[in-house]
Amino acid sequence: MGMLVVNYCIMEQAITLRKLRKVFRSGSVRVTTVQALEGLNLEVRPGEVFGLLGPNGSGKSTTIKICLDLVRPTSGDCLVFGGKPSNPESRRRIGYVPEAPFFYGYLSGEALVQSMGRFSGLTGADLEKRTSEVIATVGLNGAEGRPIRTYSKGMLQRLGLAQALVHDPDLIILDEPTAGVDPIGAREITELIRLLKSKGKTVLLCSHLLSQVESVCDRVAILHRGRMIAEGTMDSLLQRTAHRPSLVYKSQQDLDEGRRLAEKAGISVSDGVGYERSLEEVFIDLVREGAEEAVL
Amino acid sequence: MKGLRALWLIARHTWVEVVLSRVFSIFGLLAAALVCASIFLTNFHFGSAEVRFINDLGQGAISLFGSILVVTLAAQLFFREIEQRTVLPILARPVTRSQFLLGKFLGTLAPILVFVLGILILLTLLLWWRSSSLEQDPSVNKAVLPLLLAEAWTSGFFQMLKFAVLGSMVFAVASFSQSFSYTVSMGFALFFASHLVHLAIDFYREGENLFSQGLAFFFAYALPDFRIFNEPPADPDFLKAILYASTYSLIYLFVATRFFQRREL
């Protein structure tokens with residue numbers, strides 16, 4: 001008699017949030033409360049790039065801070081790779097880039113990255129190797145010896161990424177990584193996120209730069225006033241919110257021709273728009289052209 | 001071992017921040033200037049021998065400026081980490097809040113120790129130089145100088161114990177306080193209250209009703225008696241003083257870590 005053995009492979013999620021609730025209280029005499037999260041359920045799978053979207057005050061940063069044990073939930077569960085974030089060992093696998101990062105100004109970029117690597121348990125030649133690798137990855141070569149107080153906002157953001165990656169974490173949490181970064185820098189950060197994804201890393205991205213989220217995220221969740229109002233893959237989310245099918249033409253001439261053909265075929269056309277390049281693309285092209293002219 | 005490593009790294013960062021801070025340089029230089037100026041102020045020695053006056057002034061400088069440094073630096077360094085959010089990438093790593101707080105405490109105390117040692121060395125040099133140039137003074141002889149130096153170094157040691165307790169008290173306040181100014185104000189209030197503990201002890205012993213006795217008991221034993229460190233006896237019991245300072249420091253640091261564990265960052 002044959003025996004059927006079924007192996008259930010339970011995949012360990014990178015982040016699991018169950019009925020997560022957070023209420024902030026302030027004041028000792030007149031206590032005021034703010035409900036930051038209301039029963040949030042969320043799962044971030046290993047190897048995916050997950051976008052956390054929402055307007056200011058929607059609870060994105062609170063969610064991230066709970067995952068890092070910087071804020072404790074009022075109720076509900078938060079697990080990172082199956083462990084509680086209050087356990088320091090669970091945080092060993094996380095790299096975190098805070099919003100508008102600020103570091104000890106007297107240190108050089110290299111010294112800071114090394115210092116953060118030491119906090120995560122790196123030592124000796126391994127630390128040296130990883131430090132030079134991540135500095136090159138984020139494009140801070142040549143500036144690593146300078147004191148951090150001389151860094152621009154964009155350089156600080158890159159340094160934030162370098163210190164988050166130095167210990168080769170499995171989960172990278174990015175809180176507004178493009179805040180204060182010029183479009184070229186933002187695009188480079190997007191490329192870096194793609195690189196991390198190709199290496200099998202899990203990325204939790206919290207950003208207001210929707211074009212970036214759209215281009216790199218596998219799945220997104222939209223928060224509003226502490227509640228999740230939408231969650232899913234990028235395609236499903238975009239299809240769900242699409243009201244009408246549309247065609248995009250490259251020129252006004254093509255648009256007019258398309259409209260004429262549609263009307264001839266008995267298709268009702270309510271509106272039509274020509275293809276326009278985004279400001280980001282125009283800006284990047286102009287800057288690149290300027291840079292090339294300067295070289296020539 | 002990993003825990004000690006994190007603690008050491010945080011203490012080292014704090015040490016550098018203290019050494020680079022203007023508060024430390026200004027008060028350190030002021031204390032040194034006051035000790036050096038004592039040789040010009042000997043007309044105001046109020047009847048004491050000149051070298052004794054220099055010694056008293058040196059010990060006073062350590063006590064005054066050391067206390068100011070401990071309160072302001074402990075509060076400043078703690079709140080700078082919170083306000084500038086440099087604490088976030090550290091605590092997002094496998095570093096516990098207790099390690100962070102203890103590292104900050106040790107990193108603040110280490111430069112204070114250097115300050116105390118520096119002033120004591122300066123004081124020793126001044127006392128030696130002045131006593132050797134006052135050979136004709138009947139109040140100064142070779143037997144007096146070693147006695148004065150022993151007194152100065154013993155007093156410095158006891159002051160250092162006091163700074164450790166005071167530092168732990170400031171961190172306990174900072175762990176739940178929301179502002180730098182409140183922490184500094186409370187730090188100095190506790191500093192002065194700890195000098196008046198003997199009054200609370202007397203009140204407790206002579207208290208007539210249960211409420212006043214309870215209140216006096218709280219102030220008598222919740223706060224350390226700083227007179228123990230300010231007025232060491234001629235033959236001090238070092239072990240007892242270390243035990244007393246360690247007990248209070250550990251209690252206040254325990255309170256600080258408990259509050260800091262629950263703090264939202």
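User: What makes E5(A) and strand E6 (residues 171-175) of chain A a pair, and in which sense do they run?
Analyst: In this predicted model, E5(A) and E6(A) are joined over 4 bridges, in the parallel sense. Two strands pair if there are at least two bridges between them, so E5(A) and E6(A) count as paired, given their 4 bridges. Within E6(A), Ile173(A) is the residue that stands opposite Tyr96(A).

User: What kind of sheet do the strands of chain A form, and in what order?
Analyst: The sheet is open and has 6 strands, in the order E5-E6-E7-E3-E8-E9 (chain A), with mixed pairing. On average, neighbouring strands of this sheet are turned by 15° against each other, direction ignored.

User: Why are E5 and strand E9 (227-233) of chain A said to stand at the edges?
Analyst: Each of these two strands has a single partner strand, so one side of each is left without a neighbour in the sheet.

User: Which helices of chain A lie on the sheet?
Analyst: Helix H1 (residues 60-67) of chain A lies across strand E3 (49-53), E6, strand E7 (202-206) and strand E8 (219-224) of chain A, and runs at about 150° to E6(A). Helix H5 (residues 153-165) of chain A touches E5 and E6 of chain A, with a direction that makes about 170° with that of E5(A).

User: Which residues make the contact of H5(B) with H11(B)?
Analyst: H5(B) supplies Arg97(B), Ser98(B), Leu101(B), Leu102(B) and Phe105(B), while H11(B) supplies Leu253(B), Ala256(B), Thr257(B), Phe260(B) and Gln261(B). They divide into 6 nonpolar, 3 polar and 1 charged.

User: How many residues of chain A are in contact with chain B?
Analyst: On the side of chain A there are 22, and they are in contact with 20 residues of chain B. Helix H2 (88-91), strand E5 (94-97) and helix H3 (109-119) of chain A each supply at least two residues of that side of chain A. H3(A) gives the most, with 4 residues. By kind, the residues of this side of chain A are 14 nonpolar, 4 polar and 4 charged.

Conventions. Residues numbered from 1 in each chain as written. Chains lettered and ligands numbered in written order. Predicted model: local features only at pLDDT ≥ 70, side-chain atom pairs only at ≥ 80, totals over all residues. Contact = placed C-beta atoms within 7 Å. Nonpolar A, V, L, I, M, F, W, Y, C, P; charged D, E, K, R; others polar. Axes fitted to C-alpha atoms, helices over the stretch in contact; angles between N-to-C directions.
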